[in-house]
Amino acid sequence: MKKHPLPGIYLRGSVLALAVLAGSCAARKQAANPSLTLKTITTPGGTVATATTGTPKKEGIKKFSDLIPAKTKADSGLFNTYKVDGKYYYEIPDSLINREMLVVTRFVKTPGGLKTFGQQYGGEEINNQVWKWEKHDKQVFIRVPSYSLRADSTSDMYQSVKNSNLDAILASFEVKAFNKDTTGVLIDVTDFYNGDIAAIGLSDDIKKAYKTMGVDNSRSYIDTIKSFPINIEARTLKTYRAGESPTDNSNAAITFELNTSMLLLPKVPMKARIMDPRVGFLASAKQIMAPMLKKP
């Protein structure tokens, strides 16, 4: 009788085939669910963002002392601020989460020859907003409340108006650490103030007039960020790559010094005033929503 060693070979071959099949299924599953990672690179030509697929590396929340050495002096105020190795950090206490803050960005210094009326000289306003710092899981968001639509909180329409007036998210930050007594979080705001953020940068009128093409990080920097009891003052110098210049087109750029003030508003909102053209203040229009009254 002849012996047949083939069944054993077939068995081993089947096991190997199953292993290869399982590996290929896992590979397809991994390929079908790629992670998108956004990487920002600073070059002499400006800031370049590239998207790559793959499993992102999670840094995780570090100890406060790992980021802020004991010898670092805190600038105490609205938020405690820290400067470490050229990076700026905000320590945001839980008590100020979701509090409204008025943010105003102005020119400190401008180049000569600007032809954008109302935005030509140091001290003139560029933009103003209300911000709320919001904490969500391991992130902190800047929300920009919208007040264009209002309704009485006791009205039946209040919730409907609120649902149709969602606050935009201006920026997001990773929570880098909790403070020493875990009553606040630490975030890095360096890239935010250094970046080309419309809310704290040039207006569209100036960008269009001089054909700007983004901030050149190699010619821009944060000058100072100073904290006071109810406000924070951030001064920056921003150089924008531009197709035209008010002084010399061969520079291919236009440079400004800006200041962004963030002021804590009262917990109880101040009473709104009816607009009167005789009063020398700028007014903003609001739309008050209310149920239609039925005719008797």
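Predicted model: local features only at pLDDT ≥ 70, side-chain atom pairs only at ≥ 80, totals over all residues.

Student: How many helices and strands are in the protein?

Tutor: The protein has 5 helices and 16 strands. Both are DSSP runs numbered from the N terminus: helices are H or I with at least four residues, and strands are E with at least two.

Student: How do you know that strand E7 is mostly covered?

Tutor: A residue is buried under 20% relative accessible area, exposed over 50% and partly exposed in between (1.4 Å probe, protein chains only). In E7 (residues 139–144), 5 of the 6 residues are buried. Over the protein, buried residues make up 32% of the 296 residues.

Student: What joins strand E6 to E7?

Tutor: Strand E6 (residues 125–136) and E7 pair over 5 bridges in the antiparallel sense. Lys135 stands opposite Val140 in E7. These strands form a hairpin with 2 residues between them, and Asp137 in the turn has a positive phi of about 55°.

Student: Which residue takes a positive phi in the hairpin of E3 and E4?

Tutor: Asp85 takes a positive phi near 50° in that hairpin, which has 2 residues between the strands. Strand E3 (residues 80–84) and strand E4 (residues 87–93) pair in the antiparallel sense over 5 bridges. In E4, Val84 has Lys87 as its bridge partner, and Tyr90 is the residue opposite Thr81.

Student: What makes E3 and strand E10 edge strands?

Tutor: The order E3-E4-E11-E10 describes an open sheet of 4 strands with antiparallel pairing. E3 and strand E10 (177–178) each pair on one side only, and they are the edge strands.

Student: Why is E15 said to be largely enclosed by the rest of the structure?

Tutor: Of the 12 residues of E15, 9 are buried, so the strand is largely enclosed. Strand E14 (residues 231–242) pairs with E15 in the antiparallel sense over 11 bridges, with Leu258 in E15 as the bridge partner of Thr236. Strand E5 (residues 100–109) also runs antiparallel to E15, joined by 8 bridges, and Met101 stands opposite Leu264 in E15.

Student: Why does Thr260 count as buried?

Tutor: Thr260, found in strand E15 (residues 253–264), has 6% relative accessibility. That value lies under the limit, and therefore Thr260 counts as buried.

Student: What joins the side chains of Thr260 and Thr105?

Tutor: They are joined by a polar contact of 3.0 Å. The term requires a pair of N or O atoms within 3.5 Å; within protein, one must be able to donate a hydrogen and the other to accept it, and residues adjacent in sequence count only if both atoms are side-chain atoms. The distance of 3.0 Å is therefore within the limit. Not counting residues up to four places away in sequence, Thr260 touches several residues, including Val103, Ile200 and Ile232, where contact means heavy atoms within 4.5 Å.

Student: Why is the pair of Trp131 and Trp133 called edge-to-face?

Tutor: Rings of Phe, Tyr and Trp (its six-membered ring) pair if their centres lie within 6.5 Å; planes under 30 degrees apart count as stacked, over 60 as edge-to-face and the rest as tilted. The structure holds 11 aromatic pairs. The rings of Trp131 and Trp133 have centres 6.2 Å apart and planes at 75°, so this pair is edge-to-face. Phe192 and Tyr193 have ring centres 5.2 Å apart and planes at 75°, so that pair is edge-to-face too.

Student: Are Trp131 and Trp133 buried or exposed?

Tutor: Trp131 has a relative accessible area of 0% and is buried, and Trp133, at 0%, counts as buried as well. Phe192, at 7%, is buried, as is Tyr193 at 3%.

Conventions:
Residues numbered from 1 in each chain as written. Heavy atoms only, no water. Pairing = 2+ DSSP bridges.
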